[in-house]
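Here is a short tour of a protein model, with a closer look at one of its parts. Take a moment with the view below before reading on.

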Amino acid sequence: MRSVDELTMYVYGLLDPAAEEAMKDHLHDCAECSEIRRRIAAEHGLFKGALKRESPEMPAWTSDGASRHRRRS
Ligand SMILES: [Zn+2]
């Protein structure tokens with residue numbers, strides 16, 4: 001289990017190379033951290049799948065409904 005701060009830095013590629021390697025190893029073995037990492041990336045819109053929820057290229061008339069269903073967490 002790693003801290004969310006560390007995982008966030010990993011998602012953004014801000015860890016130094018040694019720490020990043022250690023994190024990669026850890027994520028390989030730790031489903032819990034992998035899930036947190038996935039969620040951080042989704043919340044920051046770094047995954048293509050996450051962008052579908054925001055749908056920035058949707059016509060303006062749909063934005064009202066889209067924002068109403070937007071998950072806040
Ligand atoms: Zn972990």
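Predicted model: local features only at pLDDT ≥ 70, side-chain atom pairs only at ≥ 80, totals over all residues.

Residues are numbered from 1 along each chain as its sequence is written.

The protein has five helices and zero strands, giving the pattern α-α-α-α-α along the sequence. Helices (H or I, at least four residues) and strands (E, at least two) are DSSP runs, numbered from the N terminus. Of the 73 residues, 10% are buried; buried calls for 20 or more other C-beta atoms within 10 Å of a residue's own, exposed for 12 or fewer, with C-beta atoms placed from the backbone. Among contacts (C-beta atoms, placed from the backbone, within 7 Å) between residues at least 6 apart in sequence, 52% join residues at least 24 apart.

Now to H3, which spans 18 Å from first C-alpha to last, close to the 18 Å expected at 1.5 Å a residue; the expected span is 1.5 Å times one less than the number of residues.

| Helix | Residues |
|---|---|
| H1 | 4-11 |
| H2 | 17-29 |
| H3 | 31-43 |

Which residues of H3 are buried? They are Cys33, Ile36 and Arg37. These residues lie on the same side of H3 because they cover an arc of only 100° around the axis, taken from the directions from the helix axis to the C-beta atoms. Their cover includes H1 and H2. On the other side of H3, Ala31 and Glu35 are exposed. After H3 comes Gly45, with a positive phi near 70°.

Technical notes:
Contact = placed C-beta atoms within 7 Å.
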